[in-house]
Amino acid sequence: MQVSSLNEVKIYSLSAGRSLPEWLSDRKKRALQKKDVDIRRRIELIQDFEMPTISTKIKVSRDGQYIMAVGTYKPRVRCFDTYQLSQKFERCLDSEVVTFEILSDDYSKIVFLQCGRFVEFHSQHGHYYKTRIPKFGRDFSYHYPSCDLYFVGASSEVYRLNLEQGRFLNSLQTEASESNVCDINPVHFLFAMGTAEGKVECWDPRTRNRVGLLDCALSSVTADAEIEGLPSISALKFDGALNMAVGTSTGQVLLYDLRSSNPLIVKDHHYGLPIKSIQFQHQLDLIISADSRIIKMWNKDTGKIFTSMEPEHDINDVCLYPNSGMLMTANEAPKMNIYYIPVLGPAPKWCSFLDNLTEELEENPESTVYDDYKFVTRKDLENLGLAHLIGSSLLRAYMHGFFMDIRLYHKAKMMANPFAYEEYRREKIRQKIEETRAQRVQLKKLPKVNKELALKLIEEEGEEQQFSKKRKQKNLPSLLKDDRFKVMFENPDFQVDEQSEEFRLLNPLVSKISEKRKRKLKILEELEAQGQEEEEEPEGKASDAESSESSDDEKGWVEEVRKQRKLLRQEEKLKRQERLKEDQQTLLKPQFFEIKEGEEFRSFKDSAKKQKLMKKTLEDRLKLEEKLGTLNVSDTTVGSKQATFKLKKSEQQRKQQEAEKRHRQERKTLRRSASHLKSRRGRGQLFH
């Protein structure tokens, strides 16, 4: 079980459990399961709660006993019985399911909208009936009072199929070119559909007339948003009689009151991905919206983030188990995720043990994943003296480092620094003593790290406080007390090095700015005392005088920077002279170099020539090659350049070619002598 926390909200991932490294073999995994009690006690809430490849939609029946999910491959539906905590049945289908709806309280009546324009009905025993709609469907809703199914898709019409009469009724003609989603209000049964043009059309099923039109595309555009195209409606959900949430393809969620055409709140996911699902959580007045990357929970009144979850794989659908804190997701992965958030509500009846389990975990926090392995970088290995193990079976390469056995890591660390524990213990004792001292009455004390900077900040704060008291302004928070900058005055790694080049070059400018600021404060205080503050010139000086003063200041600090640069150059010269003296004092020892096989050593001049040649530019090298005759550059008829060159031959290749040439010449001479003898014999026979 993995536990994550955001905004002090604990989220328990029940499907993940304590994960093992992927590179472990099956045999090692089995061995770990036998040895390790924690791995053996992993929570598998529902047995085989997964799909072969991916899952697309997930829903819970109204009685809460059955969880149904569709996915691929092959296209199928799986029903899980929560009372038995296992799979009840699995049915394969002819084509992929776009969406489905459970019409009954249990699994006995299900409707599937498939991607091949098919509408398939299933009863308790299995497949019941199959029909087709004229255009490709994208979503549908069931109107309980009239037993009508409303289908929306790649058409301007909304198709109506009456399940009582068993026939299609007159379709609703809309202004939209295409529709993506639809929903029916559970209180007054108003039918709403989201279009590709970014509008929401509301229809009354009793009169079959349009009663409202919302332009959500314009409302979703905020001041800081970049518009790449017209946002379409990708999600739609009613909440009670008056509230409706709309999700757009650009990642915004708009909450509407049906009595107003303006949204109550606009929430941006900031990922630019289409909103896949919207759910309402009534106990805490939350909206749970999800795109393919993140699930966000936020307050529907203020828009403040409650918590969020980012699963490892892309999200296709989200289902909130009714009246509980359980959340299920269909993903682009075989395993379907189950999350339990105790803050949202209690665990369902069929897994009430989760409440006790989470309470125990809060009392005794679990250790993190990969407990048996330690992740180390190459630098860590060098510090531990284990760099020679790279490439061996003791280290497993992973991302920018390696995984190694935690026991080996502890042994190596003890050998590298045997007094590390003692140092750690002393540091902890020192921290505890400082914590107890903090409870006493404290005097103003400078920190151990960056004392001068802290003193400067205290002086500046004191001046600003005096000035703000006179003007009756609020004091700004102190940097020394701010938690964000706390480490700067505690950790020695953040110590300002005053001897560094950067500090010495920047210090004149910083000191001049602080002096200028002090002067400004004095002028303002004098003006306030005299009561002669003007609106145009709040400094109390003419703009020309001020500009002349600023130019003088600039000249001053420029001169100081030049002085510092001269000093730095002098220091560099001294360092070079010291290095030269050290080099002269050191005695050079002879070095031996190994010559590669097939090469002959001529002299050190060749290597010097090669180095000189490598330092030259490409143009100079090409000119040199042309002179030697190994390179020929010519213009082509098209207008481009053509370069032909000869490869340099090594000494071994040259010898081999000479031997081959000699061999060919010998064979030629032999052939000639043989042919000459044959001709002579032929002549002798004729004369004979």
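How many salt bridges does the count come to, when a salt bridge is taken as a side-chain nitrogen of Lys or Arg within 4 Å of a carboxyl oxygen of Asp or Glu? By this rule the count comes to 14 salt bridges. The structure is a predicted model, in which local features need pLDDT of at least 70 and side-chain atom pairs count only at pLDDT 80 or more, whereas totals for chains, interfaces and linings use all residues. Residues are numbered from 1 along each chain as its sequence is written, and side-chain values use heavy atoms, with hydrogens and water left out.

The protein chain contains 13 helices and 34 strands, assigned as DSSP runs numbered from the N terminus (helices, H or I, at least four residues; strands, E, at least two). Of its 688 residues, 34% are buried, where buried denotes under 20% relative accessible area, exposed over 50%, and partly exposed the range in between (1.4 Å probe, protein chains only). The accessible surface of the protein chain amounts to about 46700 Å², and carbon and sulfur atoms account for 50% of this surface; the areas come from the Shrake-Rupley method with a 1.4 Å probe, and for residues only the protein chains shown count as cover. When contacts (heavy atoms within 4.5 Å) are considered, 44% of those between residues at least 6 apart in sequence join residues at least 24 apart.

Side chains of opposite charge can pair when their charged atoms come close. One of the salt bridges joins E201 to R210, with an N to O distance of 3.9 Å; E201 is buried at a relative accessible area of 3%, while R210 is partly exposed at 34%. In another, the side chains of D204 and R206 meet at 3.1 Å, N to O, and here D204 is buried, with 14% relative accessibility, whereas R206 is exposed, with 69%. D405 and R407 likewise form a salt bridge, with their closest N and O atoms 3.1 Å apart; D405 counts as partly exposed at 24% relative accessibility, and R407 as exposed at 61%.

With a disulfide defined as a pair of cysteine sulfur atoms within 2.5 Å, the structure holds zero disulfides. For C216, which is in no disulfide, the nearest cysteine sulfur is that of C202, at a distance of 9.0 Å. C216 is buried, at 0% relative accessibility, and C351 is also buried, with a relative accessible area of 0%.
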